[in-house]
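Work through the exercises below with the sequence and the model side by side. Try each task before reading its solution.

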Amino acid sequence: MQSCTDTALESISLYFQKITDLCNKNADFPEELHTCLQTASSIISKLTHFPEKVESDDIKCPGTICRDTYQEMAEVREHTGNTIHKMLLQLTGAKHILYLPDCSSSSVLSSLGVLVPEDGRIVVGMSDLHEKEVTQGSLWKESIDMRIGPTTDILKELVASGEQFDTVFIDATEQNLINYYNLIISSNMLKMNGVICLQTKTSQMNSSNENETVARKITDVINADPGVEQIFCPGYCSVTVAKRKPLPPTVVLEKGISNDAVFSGYNRCCILDRLRLDGKVAYVTGGGQGIGRAFSHALGEAGAKIAVIDIALEKAKTVALELELKGIKSVAMAADVSKEEDVQRIVDNIVANWGRIDIACNNAGINMNSASEDTTLEEWDKTFNVNLRGLFMCCQAAGRVMLSQGYGKIINTASMASLIVPHPQKQLAYNTSKAGVVKLTQTLGTEWIDRGVRVNCISPGIVDTPLIHTDALKPLVQCWMNDIPAGRLAQVTDLQAAVVFLASEASDYMTGHNLVIEGGQSLW
Ligand code: NAD
């Protein structure tokens, strides 16, 4: 019988079945032993078929394949490998992949499209491939970089060109597997936190011992390497998965290497992790549209819970729903930031619900236009009530919470209009209110820093939001463009990294800063 035994478990199951069959033929066999064998056989058989219970439509389950296609070993192996490959890519979000299958069968080729992430690239190394297969079918995508030739040559070529990968899949016989692994690790081909998936298998039942030996050898190689850690042991289909550690646990202090915060990361965190906001509580005023909406998404994507605050509750609710759809904890709240009671209510509500406020984004603002000689006190007051008085009330209410916590980040939205006088529109009250936001930020930033509260502001140039889609401002777009070295208006997405940086501990030494993001406009 040609047997499908990709794992030790499957081999044991088949041996148990054979022993049970032999017992059944032997009448002298003790009844109790017979029952024990049958029970053990049944348990193991359920274990080998366990994966069937977790199959989904797009991931063909190894268990099902084994059951259905006992005769078709090659197909079984490839599908099983693909399942694990695809699962790993989904879990790690890898963008740059190296795939070294041990054969160029049509099913390996057809699976490539599935393995390439939408905005990623896969380099596939194959020993041989017919030209017809290369140019035909679904195989050919720009994101698939097919290299034909001996695997070692392909690897050397990749090393020479300095390629690095998030995930590497190797499917090879034992010694090749270990050689390729060593070459990949020693040449730094696996990126920081990269994952390597090693697969080897045999097709005969009597070779399961061999399988185990190979798996053990690979485990030994990985265990002996301080730069990686095994995250998935050889089990189903003899796959071993290992992850590159950011740093070996013990750093060898040689060749002038010092084990300081620069080398090992501040608090042993790499810079991208230091920008994360996991577990932080944030609010964004004017979060219902435009810049505030983009800030809410950015802070939420970085890990914070978001209270979306807007005078227009429906808009805030829509943004909160968007966030929830992305798995970000959020709540919508209505408030007019020019009203003291509204400001205190939202701050109290956030603290009551989530216990604290770590990040306060005081972003709500309005823009009104008139020649200075015609600017009414009503326009002046309205602008100042929202842009400066309202912002001050938010800073004060959130600041009190943060001062009592001993930590907090306040990020105010000012404007490039705090620095230059944008033209040709006339907006005296707006410009002056935004200059006030910068001075308020500088003053609070210096007053509260020694009690853990940092206050900074972002000054965008002209951003394409509903704020500039008014009858007065819309016709001026072309005129503004001539003043912008970057040659375009800002998009809200141009501001997102800045708010995350200012909200994160990575910017803890910054306070009272006005971060100008205007495509160079204030420099001309
Ligand atoms: P926007 O008009 O598109 O959005 C502002 C949001 O704030 C709206 O959802 C609105 O309902 C809300 N809001 C208005 N008054 C409020 C109040 N009293 N209380 C609570 N919410 C209120 O504006 P935007 O372009 O996203 O601007 C956001 C901030 O960025 C403002 O402070 C603005 O001055 C500043 N800014 C904008 C630009 C630009 O070109 N768009 C440039 C520099 C600075």
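**Exercise 1. Confidence**

Task: Over residues 50–74, how many contacts does the model have beyond four places in sequence, and what is the pLDDT there?

Solution. Start with the stretch itself. Residues 50–74 stay under 50 in pLDDT, the predictor's confidence in each residue, from 0 to 100. The model has 35 contacts for them beyond four places in sequence, where contact means heavy atoms within 4.5 Å. Next, take the whole chain. Its average pLDDT is 85, and 81% of the residues score at least 70. Residues 1–5 are below 50, with 21 contacts beyond near neighbours in sequence.

Keep the ground rules in view. This is a predicted model, in which local features need pLDDT of at least 70 and side-chain atom pairs count only at pLDDT 80 or more, while totals for chains, interfaces and linings use all residues. Residues are numbered from 1 along each chain as its sequence is written, and side-chain values use heavy atoms, with hydrogens and water left out.

**Exercise 2. Overall make-up**

Task: State how many helices and strands the chain has, and what share of its residues is buried.

Solution. Count the elements: 18 helices and 14 strands. These are DSSP runs, numbered from the N terminus: helices are H or I with at least four residues, strands are E with at least two. Then check burial. Of the 524 residues, 48% count as buried; buried means under 20% relative accessible area, exposed over 50%, partly exposed in between (1.4 Å probe, protein chains only). Last, look at contact range. Among contacts between residues at least 6 apart in sequence, 68% join residues at least 24 apart.

**Exercise 3. The largest nonpolar core**

Solution. First, the term: a nonpolar core is a set of buried Ala, Val, Leu, Ile, Met, Phe, Trp, Tyr and Cys residues joined through side-chain atoms within 4.5 Å. The largest has 36 residues. Tyr 283, Ile 309, Ile 350, Ile 357 and Ile 410 have the most contacts inside it. Now list the elements that give two or more residues: strands E8 (281–285), E9 (305–310) and E13 (453–460), with helices H14 (340–354), H15 (377–405) and H16 (428–448). Another core lies apart, with 28 residues, among them Ala 298, Cys 361, Ile 411 and Val 499. In soluble globular proteins, nonpolar side chains tend to be buried together.

Zoom in on Ile 410. Beyond four places in sequence, the residues that Ile 410 touches include Cys 395, Met 402, Trp 448 and Val 455.

**Exercise 4. A helix pair**

Task: Are H7 and H8 roughly parallel or roughly antiparallel?

Solution. Take H7 (residues 151–160) and H8 (residues 174–186). Their axes come within 11 Å and cross at roughly 5 degrees. Axes are lines fitted to C-alpha atoms, for helices over the stretch in contact, and angles run from 0 to 180 degrees between N-to-C directions. H7 and H8 are therefore roughly parallel. Angles under 35 degrees count as roughly parallel, over 145 as roughly antiparallel, 65 to 115 as roughly perpendicular and the rest as oblique. Thr 151, Thr 152 and Leu 155 of H7 meet Tyr 180, Leu 183 and Ile 184 of H8.

**Exercise 5. Backbone details**

Task: Which peptide bond, from His 423 to Pro 424, is it: cis or trans?

Solution. Omega is near 10 degrees, and the bond is cis. Pro 424 sits in the loop between strand E12 (408–413) and H16. Now turn to phi. Asn 188 has a positive phi of about 60 degrees although it is not a glycine. Asn 188 is in the loop between H8 and strand E5 (190–199).
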